Amino acid sequence: MASSPGAPARHLPGFSTPAVGFDEPFAMLQACHERVQRTLDLLTRLRDHVQSHGADQSARDAARDVLRYFDIAAPLHHQDEELHVFPLLLAQGSATMQALVERLQDDHRHMAADWAAARLPLQQLVSGEATAFTPGDDVAMDRFARRYADHIAAEEGSAYPAAEALLAPRALAGMGQEMAGRRGAGGWLLN
């Protein structure tokens, strides 16, 4: 289903977040954070399931869902922030806000490395190369989830409100159009 600025976004099954469109880019960014948390919750349930029931088909399906989200949607979300939120705050924000943005950018780099470590055991589970997670796998997944939770809190608590206050309505609309465009002609991929 297509989603474009001004058009309502598709509600994704399994997510209780009200559908938001790209005409509300900061609401879309926050909805993505809710989806991140739901996917991290799925990862926790997957780990518990594998410990109790092994690497069955349900576990492989859940691992595929986690991989798909963090391989496709999450990088688009980070790109949205790197292009639309962070530069504005670096240019016009206070020294404190600029320092926060530098930390958030650093988080993005670390989160990419954390994801590389966390995704490997998920890939191995999906491919049948692994039937359980090791203690090292658990450490990698915990680090990834913890960094994401701290990152989201800083963005929603400080960075997003500051950036939204600096954007004129026309710039906000342009931001939403660019976000929709990055998701392809169909606009189906809502992060």
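Phenylalanine 70 and tryptophan 115 are both buried, where buried means under 20% relative accessible area, exposed over 50% and partly exposed in between, with a 1.4 Å probe and protein chains only. This is a predicted model, so local features need pLDDT of at least 70 and side-chain atom pairs count only at pLDDT 80 or more, while totals for chains, interfaces and linings use all residues. Residues are numbered from 1 along each chain as its sequence is written, and side-chain values use heavy atoms, with hydrogens and water left out.

**Aromatic pairs**

- Searching the whole structure turns up seven aromatic pairs; rings of Phe, Tyr and Trp (its six-membered ring) pair if their centres lie within 6.5 Å, with planes under 30 degrees apart called stacked, over 60 edge-to-face and the rest tilted.
- One of them is phenylalanine 70 with tryptophan 115: the ring centres sit 5.2 Å apart and the planes are at 45 degrees, so this one is tilted.
- That pair ties together distant parts of the chain, with phenylalanine 70 in helix α2 and tryptophan 115 in helix α3 (residues 95-127), 45 residues apart; helices here are DSSP runs (H or I, at least four residues), numbered from the N terminus.
- Then there's phenylalanine 144 with tyrosine 148, whose ring centres are 5.3 Å apart and whose planes are at 85 degrees, so the pair is edge-to-face.
- Both phenylalanine 144 and tyrosine 148 belong to helix α4 (residues 135-166), four residues apart, or about one turn of the helix.
- Phenylalanine 144 is buried at a relative accessible area of 1%, and tyrosine 148 counts as buried with 1% as well.
- Put together, Tyr69, Phe70, Trp115, Phe144 and Tyr148 make one aromatic cluster.

**Helix α2**

- Helix α2 (residues 57-92) runs for 36 residues and spans 50 Å from first C-alpha to last, close to the expected 52 Å, which is 1.5 Å times one less than its number of residues.
- It has a kink of about 35 degrees centred on glutamate 82, the bend being the angle between axes fitted to the seven residues ending there and the seven starting there.
- At the start of α2, a side-chain oxygen of aspartate 56 comes within 3.3 Å of the backbone nitrogen of serine 58.

**Leucine 29**

- Leucine 29 is in helix α1 (residues 25-53) and, at 0% relative accessibility, counts as buried.
- Leaving out residues up to four places away in sequence, leucine 29 touches His77, Asp80, Glu81, Val85, Tyr160, Met175 and Met179 (contact means heavy atoms within 4.5 Å).
- The C-alpha atoms of leucine 29 and aspartate 80 are 8.3 Å apart, though the two residues are 51 apart along the chain.

Technical notes:
Helix = DSSP H or I, 4+ residues; strand = E, 2+ residues; numbered from the N terminus. Polar contact = N/O pair within 3.5 Å; in protein donor to acceptor, adjacent residues only side chain to side chain.
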